Amino acid sequence: MRTRFFAAPVLAALLIAPGPAADAPKPVVLPKLDPEKLSDPKEAAAAVELVEKHFAGAPQPEAVRMLVAILKGSQLNGTDGWFGPSESRYTWKWLVEYNQLDPKVTAVPREKFRGSAALFDTLDRDGDGKITLSDLDWSDRSPFVQQANMLTRMFRRFDMSGDGRLTREELDEVFKRLAGGKDHFTADDFRRAMIPRGPAGFSPGDGPTIPVLVKGLYAGEIGSIQEGPKVGVTAPDFTLKSVDGKETVQLSKETGKRPVVLVFGNFTCGPFRALYPDVDALFERYKDKATFIMVYVREAHPTDGWKMESNTRFGVAVKQPTTTAERAEVCAQFRKKLNPGLPVFVDEISDPVGNAYSGMPARLYVIDAKGKVAYKSGRGPFGFKPGEMEQALVMSLTESAPVKAPKADTKAEAPSK
């Protein structure tokens with residue numbers, strides 16, 4: 001079997017004048033596969049062996065882990081660990097050290113927190129008056145995250161317009177659908193309506209095949225092949241234009257003043273549309289303290305790729321753009337449906353920024369006031385967690401704000417002996 005290796009066709013676009021050359025990640029090169037043959041389990045198993053052999057002896061990049069999971073039959077429904085957790089400089093260790101507490105403490109009480117009361121309340125996720133490690137846990141094992149994911153899935157099934165916002169009329173329609181002509185609905189009615197019955201939890205018509213997923217990955221639609229910057233490096237610079245071409249943003253001109261939040265996403269990614277209003281709410285909450293920039297990237301579910309019938313029902317049906325102008329036109333549809341508050345800029349059709357930041361199909365970053373990557377979310381859609389990003393942003397704001405002296409007569413909670 002003759003093997004060739006394949007880098008995304010947009011690989012040259014990675015050369016977009018980042019910070020020091022040492023900051024640039026090593027390009028990821030995948031083996032060239034014939035997607036149409038991969039429906040055969042033997043061909044898929046041989047491809048797994050080939051990929052794992054090539055990347056043996058080193059940590060596998062996200063795209064490689066994603067490819068292996070696809071070849072092994074994953075439907076990419078969020079049950080695979082989603083190929084890598086978020087990365088953050090703002091860990092529990094950082095929080096304890098910043099507040100000048102004993103490394104052995106198990107909690108940071110309100111009176112010992114060196115930031116504002118409002119920022120403390122954001123970090124104190126469960127509202128018990130102290131920040132603990134569980135408040136900062138955004139892994140899939142966290143009960144909070146599990147409940148939040150369940151509610152998001154329910155919300156998406158209520159959101160019949162697909163714009164991430166529920167109206168009274170939509171809720172009335174949900175009641176009619178659940179009640180089935182009755183004046184009430186039961187828990188059984190609710191479960192039957194809310195739990196998808198398609199394969200792997202997908203709605204009818206949405207479940208993918210191995211060839212479709214492999215094509216989508218190699219095209220950069222369901223995830224960038226490249227890794228994006230690590231935490232602690234200089235954020236790669238870029239210059240992009242707004243949808244109408246009238247505004248230009250250059251990242252290096254925005255950094256060094258205050259934290260910058262980068263939001264990557266696209267119109268055809270249903271989970272991104274559902275969660276986008278959360279990002280817009282954070283923009284409204286912190287726009288006076290941080291700079292927000294959305295980068296519109298390659299479509300995740302175009303009609304000529306992994307087509308989602310659920311998208312069609314929501315009136316979201318577009319082919320993958322082939323020019324920057326066409327991408328801007330689809331972005332205009334996104335703006336009309338979602339009505340974003342934060343400024344949106346369109347990545348060029350060769351995906352220079354989307355690949356430099358591994359932003360497809362969706363991802364979040366916090367760039368600190370020194371222009372360094374401080375937080376990098378997991379790969380979207382399942383690693384796209386606005387609440388986690390908010391906590392990182394809050395710690396970045398706390399770090400760059402004037403220090404509030406803690407009360408001297410209160411000790412931080414320490415572990416019991």
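In the predicted model, Phe382 is partly exposed, with a relative accessibility of 35%, whereas its ring partner Trp82 is buried at a relative accessible area of 5%. The ring centres of Trp82 and Phe382 lie 4.7 Å apart with their planes at 80°, an angle over the 60 degrees required, so the pair is classed as edge-to-face. This pair joins distant parts of the chain, since Trp82 belongs to the loop between α2 (62–71) and β3 (87–88) and Phe382 to the loop between β12 (373–376) and α14 (386–400), 300 residues apart.

A second pair, formed by Phe158 and Phe190, has ring centres 6.3 Å apart and planes at 55°, and is therefore tilted. Here too distant parts of the chain are linked, with Phe158 in helix α5 (residues 143–158) and Phe190 in helix α7 (residues 187–194), 32 residues apart. Phe158 is buried at 15% relative accessibility, while Phe190, at 23%, counts as partly exposed. The aromatic pairs number 19 in total, and one aromatic cluster is made up of Phe272, Tyr276, Tyr296, Phe334 and Phe384. Charged groups are also found over rings: Arg114 lies over the face of Tyr98, 5.1 Å from the ring centre, and the charged end of Arg125 is placed over the ring of Trp138, 4.7 Å from its centre.

The whole structure contains 19 salt bridges. Within α7, Arg191 and Asp188 are three residues apart, about one turn of the helix, and their side chains meet in a salt bridge at 3.8 Å, N to O. Arg191 is partly exposed, with a relative accessible area of 47%, as is Asp188 at 34%. A salt bridge of 2.9 Å, N to O, joins the side chains of Lys287 and Glu284, of which Lys287 is partly exposed at 34% and Glu284 partly exposed at 46%.

The side chains of Glu390 and Arg285 form a salt bridge of 2.6 Å, N to O, which connects helix α14 with helix α10 (residues 270–286) across 105 residues of the chain. Glu390 is buried, with a relative accessible area of 10%, whereas Arg285 is partly exposed at 46%.

Definitions and conventions:
Residues numbered from 1 in each chain as written. Predicted model: local features only at pLDDT ≥ 70, side-chain atom pairs only at ≥ 80, totals over all residues. Heavy atoms only, no water. Phe/Tyr/Trp six-rings, centres within 6.5 Å; stacked < 30°, edge-to-face > 60°. Helix = DSSP H or I, 4+ residues; strand = E, 2+ residues; numbered from the N terminus. Buried < 20%, exposed > 50% of the residue type's maximum accessible area, 1.4 Å probe, protein only. Lys NZ or Arg CZ within 6 Å of the ring centre and 35° of its normal. Salt bridge = Lys/Arg side-chain N within 4 Å of Asp/Glu carboxyl O.
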